[in-house]
Structure formats: C-alpha cells, structure tokens
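Hi everyone, thanks for coming.

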Amino acid sequence: MKRTGAQIICEGMLQEGVEVIFGFPGGAVLPLYDTLPQYPGLRHILVRHEQGAAHAADGYARITGKVGVCMATSGPGATNLVTGIANASLDSVPMVAFTGQVARPFIGKDAFQEIDITGITLPITKNNYLVLDVNDLPGIIKEAFHLARSGRPGPVLIDVPRDVFIDQTELNYPNRVDLPGYKITEQGHPTQIKKATKLINEAKRPLILAGRGVLLSGAHDELRHFAESAQVPVVTTLLGIGGFPETHVLSYRMVGMHGMAYANKAMDNADLLIAVGMRFDDRVTGKISAFAPHAHIIHIDLDPAEIGKNVRVDVPIVGDVKNVLSAMIKLVTPGERVEWIQQLEEWRRQHPSMDIKDTESLLPQYILRTLYEVTGGEAVIVTGVGQNQMWAAQHYIYTKPNTLISSGGLGTMGFGLPAAMGAKVGRPESNVWCVDGDGSLQMTMQELATLVQDKIAVKIAVLNNGYLGMVRQWQELFYGKRYVATPLTCPDFVKIAEAYSLPGLRVTRKEEVAPAIEQAMAYNGPFLIDFTIEPEENVFPMVPPGASIAEFIEGPKKEVPAWPRRSTP
C-alpha cells in the first residue's frame, strides 16, 4: 500500500520511538495535521507560540534522554522555532524539528510565507534537509533521528513542501543509516588514558571539572566511582549539575561566574584539572590567560572539535565519557590527598558563599532553600534565565541526574515555562517546578494556557523583583546604578493565573513561603506562586567580566573591581 508523505512522517516517528510532538499548525503543514488522527500513538500538544514548542521539546529531551520533536508551519512558524533550535544546539540537546514549506513550484518565488529555513538554521543544526522528493522521506527521517541522538547530540531540521506531504509512494523504512563520513570515537585511546592516569596518580592537587557530557553519557555512576577511587574533589559547570551528587563529601559544587567561591579557588590552585564532558565556556574559565595557571589539563570529550578550542590541553582524550572513565578507574591508584581536601574545606569555611542573610525581608535565596527542604530535594527544577537561574543553581541542592534543566550556552529568557512543560510531559511522575523571573516568564507565559488545556501539572515559582534583575545587577556594579530599560512593569501574576484558570498565590513574607509551596504541591494541576522579593538583591559570588576566576566578588561589602576597558588606540 502506498503512503502519503504525511503518513510516512507519522510512521517514521513511531518507528523512532516518538510519543509526543509539540507544535502549532498552519497552512503549509496542514496535510500533516490532517493525518495525525490516524496515529493515536502520537500525542500532539498544541503550544501557544512555536518558540514554546522548541523549548518544550528541549525540556522533554533533557529529562527523558529521547529525541524531542517539534513542528511548525512555513515562514513565521518556522522562524519562531529558531531560538529554541539554537538553544538545543549550544546545549547539545537531541531534537528533530519538522517544518512545512510552500509547494515546490513556488520555492524561490517569494511566495506567501516562504522562507529559506534550511539556510537560516544551517549554523545551528547538526544537519538539515529540504525534502524535494517523497521517495527520499523515509531515509531522511531515519538519518535525522540518528544524527540527533548519536555522538554529541543536537537538533536536526526537516523542511517539507506542502505538496510533498500529499505525494504518495511505497513505504520502505530503512533499518540502518549509511553515513560513511560520520564517525564517532567512543573509546578513548589507550595511550592517552595511560598518560592521563599517570598524571592523576602523581598529582598533589587534582580537581575534576564535570560538564553536561557526564549526563549525556549516563556516566554519573562512573564519575562517582572514579572520584572515590582516586580521591579527587569534583566541581561542575552549570549544565553539569546533577552529574555528581552535591551532598557527596568530594563535591564542591558549581564553578564559574556565579559559582562557589571555594570551588573557584580550587580551580585556580589545582595542579591537575580533569575536564570531563565540558567545553570550557567563558562563564567557567573567566580570563583565559589566567585560567588554571598551575594545572596540567586533561580533557575528555566525545567531540574532538572542543578539545584545544578554548584552552591549552596537555592530555586530550576523545571518547565517550562513560567508556573513558570506566577505563581510567582500572588504572588510577587509590590516594588520600588529605592536605588538598583539608585546604578546600578551609576555603569553604572562609568563603561560605551560600550563607543566607538573617533578615525579615523575603530573599530569593531563602525561597530556593525552603523549596529544597519542602520537596526533600526530589523535585526537578527548570529555570528561566537571569538571577532566578543562578539562585536556583546555587541554593537548591541536586543529588540526581537531570534534575536541573536550564539554558546554558544561549542563555534564553523565556526558556523556563515551556521547558518545564516538556519536562513534566516527559516525566509525569516527577514534581516539576519552574523557577522563573518576572522578566523571563513574561516572554512565554502564554504557555500557561497549554498547561491548563493539556493538564500538565507544572508548579511555577515567580521570583518577582520588578526588574530585569541580572542586567540591573550589572548596571549597579559596573554602570554607576544607571538603571536604563531594566525597571519592569509587571502584570498581576495571580490574576493572570486566574485568567488562565489555574490557581495562584502571592507571597510577601518569609513565614508564608513553606505553606505556599506545600499548597502548590498538594494541588493536582498547574499552580503559580508570585514571590515578591527584595527588588535589588544580587547574585553573589560573581566574577566580573574580564577578570580571572579567582577575582570574585563575594557580596556588597567587598570592593568591586573596575570594569575592564579596552585601551584607546
């Protein structure tokens, strides 16, 4: 029996294990939507904006490890996916995006809602396809899902002209892909592994820096075993949080611009840095020329393009993190490193970082710590971007993989709510909280309607300070408190919630925090809490832009380094 292009897409998705699609219909993609009722195994969730579809697919992929799928029509529908696709690209998230395109005779004619979406997304996808022949569709779908999930994951886009959805052909779905130039090195080179373990065995002050690659590889058990065997302390990147339990005696938590002061000091004083599945982002390294000045560097990563890209590396190891760590465990010599760990503990006492001020004011740090206590540390936290993101990373404590979902590389405001929606769909049994700022939430809060329509029980904590908080913080510290375009007029979020038919609470006092969280968790559905916090509370520690990782500001009483200026020629 022949199948239409639309049927081939649906059957291909089922073959690839797809259960959920986040999308928004339009003219060019209508033949596909018309076909969806024939496939009850595919659940379609109607978002209120295509950006929400891409972020929801992103959150779904991160929490499940499966490929997230989103769908949009041609022209503005396709371009509205771009931010979410770029976010998935920078954070290595497996995603396949289907877009409709104008019919083949109209391509290149500036037809209504025509846009070259493959050209636009070329730099932000692992690959993309414009399907000009229905006979190519089965192979393209198979290839797209393989590329999205294999190696270093990432997004792939399939652009389908309207008439290709309608064309018919025999369905012969391939069992395998044939990509001769696509090679993945999964096993680390034995000689490099021996060199690395020799350095580790000889090091006096070694430090593991773990990134998102640990989570992508499913290597959290191997990382813990490796750290315990070699007695090496562990710090993480923002996206590496959850790859190593933060309650572990060897955990010194997050490093970087807003990382723990003692973790940054550890990185600055280490004599060996073992970078595992991370890419030396500038928010981690600070001033590159001053980064880890005393350390040899071992870099383990699946993507050879990342090794040596930003920092010098003494021992590069290309391979899957899980496999490489398993091999290294067999070669490391158990060590105590008492003096080094005692030094780290002394820095932790000198720079507590996470102490919360004793005040009657409602502080965001107190809210996050209370959220941790009330949920027992068992929630999945999905954040927006800005101060809310950093407070969530700092003051909630993460002990399990994939329990913090956040936009790292792109820093996308508006990510939080739709990504939390995708995470809850992917793991409905989990307690999913969206921790968002009043600025970030307003970018995508139309997805409250999606939560209600599809009965997606996300709990939302709005840290409402009446500012674009992180930008305002920079203006305070580096621009003489000239608050230009950062004071924010917000709607009444409780009334907004009620307008979307979900309950909302406003919290203004410390004693109201825990009861409000408990009430939200007891409610069987989405729930919003508007926390009115101190308007000019800042995120500390903070490494000023252009400074070394060791030149952190611990709080408002510390002297703020001058903003680094480029000298006049």
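Let me start with a contact between two helices: Pro364, Gln365, Leu368, Arg369 and Tyr372 in H16 meet Trp391, Ala392, Gln394 and His395 in H17. Contact here means heavy atoms within 4.5 Å. By class, the residues of this H16 and H17 contact are five nonpolar, three polar and one charged. For those classes, Ala, Val, Leu, Ile, Met, Phe, Trp, Tyr, Cys and Pro count as nonpolar, Asp, Glu, Lys and Arg as charged, and the others, Gly among them, as polar.

A quick word on what you are looking at. This is a predicted model, in which local features need pLDDT of at least 70 and side-chain atom pairs count only at pLDDT 80 or more, while totals for chains, interfaces and linings use all residues. Residues are numbered from 1 along each chain as its sequence is written, and side-chain values use heavy atoms, with hydrogens and water left out. Helices (H or I, at least four residues) and strands (E, at least two) are DSSP runs, numbered from the N terminus.

Back to our pair. Two packed helices are described by the angle between their axes and the distance between the axes. H16 covers residues 364-375 and H17 residues 387-395; their axes come within 9 Å and cross at roughly 45°. That makes H16 oblique to H17. The axes are lines fitted to C-alpha atoms, for helices over the stretch in contact, and angles run from 0 to 180 degrees between N-to-C directions. Under 35 degrees counts as roughly parallel, over 145 as roughly antiparallel, 65 to 115 as roughly perpendicular and the rest as oblique. H16 and H17 cross in a right-handed way. A crossing is right-handed if the near helix is turned clockwise from the far one by less than a right angle, and left-handed if anticlockwise.

Now please turn to H11 (residues 220-230) and H14 (residues 321-329), whose axes come within 9 Å and cross at roughly 25°. H11 and H14 are therefore roughly parallel to each other. Which hand does the crossing of H11 past H14 have? It is left-handed. On the H11 side, the contact is made by Glu222, Leu223, His225, Phe226 and Ser229, and on the H14 side by Lys322, Leu325, Ser326, Met328 and Ile329. Those residues of H11 and H14 divide into five nonpolar, three polar and two charged.

One more pair: H12 (residues 261-269) packs with H15 (residues 338-350) at an angle of about 140°, the axes being 9 Å apart. H12 passes H15 in a right-handed crossing. Tyr262, Lys265, Ala266 and Asn269 of H12 make the contact with Trp340, Leu344, Trp347 and Arg348 of H15.

On to the interior. A nonpolar core is a set of buried Ala, Val, Leu, Ile, Met, Phe, Trp, Tyr and Cys residues joined through side-chain atoms within 4.5 Å. Buried means under 20% relative accessible area, exposed over 50%, and partly exposed in between (1.4 Å probe, protein chains only). The largest core has 60 residues, and Leu273, Ile274 and Ile300 touch the most other members. Setting aside neighbours within four places in sequence, Ile274 is in contact with Ile200, Leu207, Ile208, Leu209, Phe226, Val232, Ile298 and Ile300. There is also a second, separate core of 49 residues, including Tyr60, Ala78, Met445 and Leu448.

How much of H18 is buried? Ten of the eleven residues of this helix, which spans 416-426, are buried. Val432, in strand E17 (residues 432-437), is buried too, with a relative accessible area of 0%. Beyond four places in sequence, the contacts of Val432 include Ala420, Ala423, Lys424 and Val458.

Most residues other than glycine have a negative phi, and most peptide bonds are trans. Arg337, in the loop between H14 and H15, has a positive phi near 55°, and at 12% relative accessibility it counts as buried. Lys455 also has a positive phi, of about 55°, but at 72% relative accessibility Lys455 counts as exposed. The peptide bond from Phe540 to Pro541 is cis, with omega near 0°, and Pro541 lies in the segment after strand E20 (527-532). Thanks, everyone!
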